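Good morning, everyone. Please take a moment to look at the model on the screen.

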Amino acid sequence: MPSGGSPRGAVEALRGSLKPRILYATPEMADFVKTGGLGEVAASLPRALRQHYDVRILIPGYRQVVEHHPEIAVVAQLPGSADMPPCDLGLIETGDGLPVYVILSPALYERDGSPYGDQGVDFSDNDLRFGRLSLAAAELAQGIDPEWRADLLHLNDWQTALAPAYLAWRGLRTPTVLTIHNLAYQGLFPWENLGRLGVPESAFQIDGVEFYGKLSFLKAGLFYASHVTTVSETYAHEITTPEFGCGLDGLLRTRAHQGRLAGILNGIDESWDPRTDPHLATRFEPDDWKGKRANADAVRGRFGLGVSRGPLFAIVSRLVHQKGVDLTLAAAESIVAEGGQLVVTGQGEPRFEAAFLDLARRHPGAVGVRVGFEETDAHRMFAGSDFLLMPSRFEPCGLAQMYAQRFGSLPIAHRTGGLADTVEDGVTGFLFGEASLKGLSGAIRRAFDTFASKRRLGTMRRNAMAREFGWDKAADGYGSLYTRVVGNGADLIRGRAAA
């Protein structure tokens, strides 16, 4: 968790650094607020990069941020632009010394709900809220903070994707990397909003921000960014196809042909370790299946399940169509009929929440459901379950399958995106090729057969727990990309030192 706010002097050591300066702009960060994988990535990747880069975060000043930092040092004033109000730029520091810029605008950010909406409804002014975030990133490249100026902007998802466009419209050449965490979310707004965001009318065209008659934040980023990345190699290929390209496959194919699209697999934090995890009922090591069973017993108790010698299946997921939860619902009856049990935690579309609750009512003692999310529940479910169900129709990267393997829970997953890149079929989990009930049922059948063989089950668990999913490899990949995008890093810092 973040520590209290600290003044600019607390980051004095970083000021004189000749390391390339990377601004990592993100709409969420797990230190303060997260809704999914992006928040976890934003909390971990910048920290992994700090050995070689002067990295700072940029995040909106949500209520969750300012309540933890009642005294935030203001380092710059951001002028108003179009309908985006003027505001202050603050600087705080996390407990381990990571500098974080905070956009201080109570009218835009200090609200109930998630970063994006409340009670399932998006905020009506999200264009202004995240236009302001994108513009602040561009202003930090422009030198709005007299003490620190970004050499490269690393931007994340549509909420920051206007930043490369703002740089281009202002005639600035700061290099930019845009990471797509999920292409399905594009930041689409009416074309009439161009003026209130300060978007020139000349940019509303196919080679610009226009997308089927609407203003697209993400399209702008894909067009103007120096380089585009996404969060697994397989997904980087998939999004260049009509099936997965969400209408942007043509532009993405162009970027790929230009050598400006890459897939860099996410990692997971080292805290996901069954030997040290404080959330677990009992910590355990590979081959300590008694410790794993203790967590299974805790999960069964928490979810109201009966004692069982059958396998325990888990779902830790947003309950939405993308995640294939309708396929799991269709397969659940056969899981129970075969002697298996199912525990589910997550939230999402009301129809799926209701369907899982109804499933639990029809199968008391065999199916347990908790709508919502609690960190301890999730950790214990990964540790206690035998199999994790992830039949996602598409999955840019996915983190749950990596967490599960670290705890010896074998993923049952659709062969797509990051799932294909992180699960080894028949070795650390089970992959199926067709996103259908038939495909999922076949993989579940293989899981039951494996569970019946203690020797094979133990071997697969050990294989899964031996997988390395740390952030070092991803940090190396981004480091190589930064060097390509910025040019010679040594030249860059020598030039700044001379200046």
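I will go through the sheets, then the salt bridges, then the cysteines.

A word on ground rules. This is a predicted model, so local features need pLDDT of at least 70, side-chain atom pairs count only at pLDDT 80 or more, and totals for chains, interfaces and linings use all residues. Residues are numbered from 1 along each chain as its sequence is written, and side-chain values use heavy atoms, with hydrogens and water left out.

Sheets first. Helices (H or I, at least four residues) and strands (E, at least two) are DSSP runs, numbered from the N terminus. Two strands pair if DSSP finds at least two bridges between them.

Start with strand β2, residues 54-60. How many of its residues are buried? Seven of seven. Buried means under 20% relative accessible area, exposed means over 50%, and partly exposed is in between, with a 1.4 Å probe and protein chains only. Asp54, Arg56, Leu58 and Pro60 point one way from β2. Val55, Ile57 and Ile59 point the other way. Strand β1, residues 21-25, runs parallel to β2, and five bridges join them. Within that pairing, Ala25 stands opposite Leu58.

Next, an open sheet of three strands. The order is β10-β12-β11, and the pairing is antiparallel. β10 (188-190) and β11 (210-211) stand at the edges with a single partner strand each, so one side of each has no neighbour in the sheet. Three bridges pair β10 with β12, residues 214-216. Here Pro190 stands opposite Lys214 of β12. Helix α7, residues 217-224, packs on this sheet and touches β10, β11 and β12. Contact means heavy atoms within 4.5 Å. The direction of α7 makes about 55 degrees with that of β12. For such angles, axes are lines fitted to C-alpha atoms, for helices over the stretch in contact, and angles run from 0 to 180 degrees between N-to-C directions.

Now an open sheet of six strands. Its order is β17-β16-β15-β18-β19-β20, with parallel pairing. β17 (367-371) and β20 stand at the edges, each with a single partner strand, so one side of each lacks a neighbour in the sheet. From one strand to the next, the twist averages 15 degrees. Three bridges join β19, residues 410-414, to β20. Ile412 stands opposite Phe430 in β20.

Two helices lie across strands here. α17 lies across β18, β19 and β20, at about 80 degrees to β19.

What does the record say? An unreviewed UniProt entry annotates residues 310-450 as "domain: Glycosyl transferase family". UniProt positions are given in the numbering used here, feature names are shortened, and annotations may be inferred rather than shown by experiment. In the model, that span is 45% helix and 20% strand, and its end C-alpha atoms lie 12 Å apart.

On to charges. How many salt bridges does a search of the whole structure find? The count is 26. A salt bridge is a side-chain nitrogen of Lys or Arg within 4 Å of a carboxyl oxygen of Asp or Glu.

Take Glu139 and Arg132. Their closest N and O atoms are 2.7 Å apart. Are these two buried or exposed? Glu139 is buried at 3% relative accessible area, and Arg132 is buried at 0%.

Asp287 and Arg462 form another salt bridge, at 2.6 Å. This pair links distant parts of the chain, 175 residues apart: Asp287 is in the loop between β14 (261-263) and α10 (289-302), and Arg462 is in α17 (454-465). Asp287 is partly exposed at 46%, and Arg462 is partly exposed at 34%.

Arg446 bridges to Asp425, with closest N and O atoms 3.0 Å apart. Arg446 sits in α16 (437-451), while Asp425 sits in the loop between α15 (417-422) and β20 (430-432). There is also a network of salt bridges, linking Arg302, Arg370, Glu374 and Asp377.

Last, the cysteines. A search of the whole structure finds zero disulfides; a disulfide is a pair of cysteine sulfur atoms within 2.5 Å. Cys246 is partly exposed at 33% relative accessibility, and Cys87 is buried at 7%.
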